Amino acid sequence: MNIVVCIKQVPGTTQVKINPETNTLIREGVESIINPFDENAIEAALALRDKHGGKVTVITMGPPQAANALKDTIALGVDEAILLSDRAFAGSDTWATSYTLASAIKKIGAFDLVICGKQAIDGDTAQVGPGISEFLNIPQVTFAVGVEINSGVMKVNRLLEDTNEIVEVKLPALITVVKQMNTPRMPSFKGKIKAKGAVIPTWGAKDINAEDKCIGQKGSPTSVVKIFTPPPKGGGEMLQGSADEVVDALVKKLRDRKVC
Amino acid sequence: MEYGFTEEQKMVQELARKIAVEKALPLRAELDESGKFPWEVVKSLAEANLTGIGIEEKYGGIGGGTLEYCIATEELSTICGGIALSFAATGLGTMPIILFGSDEQKQKYLPDIAAGKKLAAFGLTEANAGSDAGGMQTTAKKDGDYYILNGTKQWITNGGEAETYSVIAITDRKKGARGASAFILEKDMPGFTFGKKENKMGIRASATRELVFQDCRVHKSQMLAREGMGFIVAMKTLDRTRPGIAAQAVGIAQGALNEALKYSRQREQFGAKISTFQAVQHMLSDMATQVEAARCLVYAAARSIDSGSEETSKMSAMCKLFASDTAMRVTTDAVQIFGGYGYMKEYPVEKMMRDAKITQIYEGTNQIQRNVIALELVKEMAAKK
């Protein structure tokens, strides 16, 4: 099986500061880690490769230092890792990021499965996985907590809020995984030695045949206006009375606030 | 702080620390209470190739030496001395095979140990033969191509959990120092059983049991080196592994120091953090200095062994003596800094103090270490004349 995993390097702490001018995270001096859900994605790919044979390729879009995150994946046992890095990718929103990653996957060639983590812990949008599948025109199954593959057909166990759902889909397809999917394996010493000597190729916009207007800030229909911590919620108001009285009072309050 | 590690040694340190924090830390309190064996941590150590740390690459290991072994043991011990011992004791049980095994014996036993599929243990101590190893009663009587083992080994770490055992037994008492031999035994060999699991003061996440031999027939191909080499196998093994136990002590001490430092910065009395009180500062300074000194002595002894030096007994004994005494002092002071909270099981330092004590006793008591050092000092002086 040919599996591609998309990962993101994110700040290793929730205590990040926000640059008030650019409305982006201040990453200097903050340790970078592989997005935790992407660790589950990598483990899922490795487990499938261990069972069915094949190859696992990991890609990431980021600044040059994201190559360190890719080397960490080599230490876990992935076969190949590719960095997508280009000044032209800067300022990408999830649309442009999905386009860029999908273009890279097209460049990689034939694949059976794309695996992404559910969401990145810095952006928290959960949009890129579905975005990639749309650009690749393949089916997507999100929130996977288990997968089984037999003769080109995949059964995915989805973890929803209060239930599980089993979805059957023909490969090639894309899944996003949740942390309950697996326990990521430890990197190995032998893997780290391999990672030390690994050469991580860097692909730019031209290498993936990306159209200028579809990448970076130009390719981003959205932009961040403001990032702020919302003020703490107030105490709330308890309504007293019989069910009818309480409902009447509630509807009046909602109407007064023009909610309905 | 920089210790002049190679890149590979830094990798070992990173891997061991990651496993310690992510896998051992969530389990340590529960395992200390229940005494259950830390199989999940062993599994992670195997995934990371650390179970093959001291084993040559051709037998499936990563070809590390004493220093790599000490680094991994220290990192694990910083979180839990008991879990670390379950890892380190396999190194002790494997060392006789590494030092004295034939190629066939190494091929037979080392790959599974390197892969983490099997653990090892070292069987020397008996009820009446602790410091006085020569007083051991376990015998191995020659019978054609076999030896028949009878006797009981006591307080064997990994006893019952390991598959591979390096055991010392008397083959000819009349030969005195040349009267013992070393054998490799396997769990489930007929005539080889285990006693009850000991209920210990500390290092409770490690398993300690008696090894019981009743007419246990062992083929001569299981003998290490030659008949009569038993005490030499034991002494050479302990010389090589003593720094590992010293590293365990350093780790336990460092873990206690970390907790005491963190606590002192949070705890307020008399309107100030106790870390601002000179009395506490002086305690922390002494603790940190001693831990650093112990660490440097351990690394120096490990490097000396890895350099191929033949004269390692003195350094090996010194680092074990100093590091274990340091661990006892530092963990006791850590409990003191925590005050009343330090005495409560909800806080980690009382466990560290209980864990530290054994490091002054096993792998040769600190009294025996002083004997060894004194003998070496006199030998060195005599050689100078």
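Mentor: Let us begin with one pair of residues: B:Ser166 stands opposite B:Ile184 in S5(B). This is a predicted model, in which local features need pLDDT of at least 70 and side-chain atom pairs count only at pLDDT 80 or more, while totals for chains, interfaces and linings use all residues. Residues are numbered from 1 along each chain as its sequence is written, chains are lettered from A and ligands numbered from 1 in the order in which they are written, and side-chain values use heavy atoms, with hydrogens and water left out.

Trainee: How many bridges join strand S4 of chain B to S5(B)?

Mentor: Strands of a sheet pair through backbone hydrogen bonds, either parallel or antiparallel. Two strands count as paired if DSSP finds at least two bridges between them; helices (H or I, at least four residues) and strands (E, at least two) are DSSP runs, numbered from the N terminus. Here S4 (residues 164–170) and S5 of chain B run antiparallel, joined by seven bridges. S5(B) also pairs with strand S8 (residues 223–224) of chain B, in the antiparallel sense over two bridges, and B:Phe183 has B:Met223 in S8(B) as its bridge partner.

Trainee: Why is S5 of chain B described as largely enclosed?

Mentor: Buried means under 20% relative accessible area, exposed over 50%, and partly exposed in between (1.4 Å probe, protein chains only). Six of the seven residues of S5(B), residues 180–186, are buried, so this strand is largely enclosed by the rest of the structure.

Trainee: In what order do the nine strands of the open sheet in chain A lie?

Mentor: The order is S11-S10-S9-S12-S8-S1-S6-S7-S13, with mixed pairing. S11 (164–170) and S13 (202–203) of chain A are at the edges with a single partner strand each, so one side of each has no neighbour in the sheet. Within the sheet, S6 (residues 55–61) and S7 (residues 80–84) of chain A pair in the parallel sense over five bridges, and A:Ile59 is opposite A:Ile82 in S7(A).

Trainee: Which residues touch the most other members of the largest nonpolar core?

Mentor: A nonpolar core is a set of buried Ala, Val, Leu, Ile, Met, Phe, Trp, Tyr and Cys residues joined through side-chain atoms within 4.5 Å. In the largest one, of 64 residues, they are B:Ile19, B:Leu50, B:Phe87, B:Met287 and B:Val298. H7(B) gives the largest share of this core, ten residues. Contact means heavy atoms within 4.5 Å; beyond its neighbours within four places in sequence, B:Val298 is in contact with residues including B:Cys70, B:Pro243 and B:Cys319.

Trainee: Is B:Asp355 buried or exposed?

Mentor: B:Asp355, in helix H10 of chain B, counts as buried because its relative accessibility is 2%. A polar contact is a pair of N or O atoms within 3.5 Å; within protein, one must be able to donate a hydrogen and the other to accept it, and residues adjacent in sequence count only if both atoms are side-chain atoms. One such contact, of 2.7 Å, joins the side chains of B:Asp355 and B:Lys351.

Trainee: What area do chain B and chain A bury between them?

Mentor: Buried area is the accessible area (1.4 Å probe) that two parts lose on being put together, summed over both. Here it is about 1300 Å², 67% of it on carbon and sulfur atoms. On the chain B side, B:Met11, B:Leu15 and B:Glu47 lose the most area to chain A, together 36% of what that side buries.
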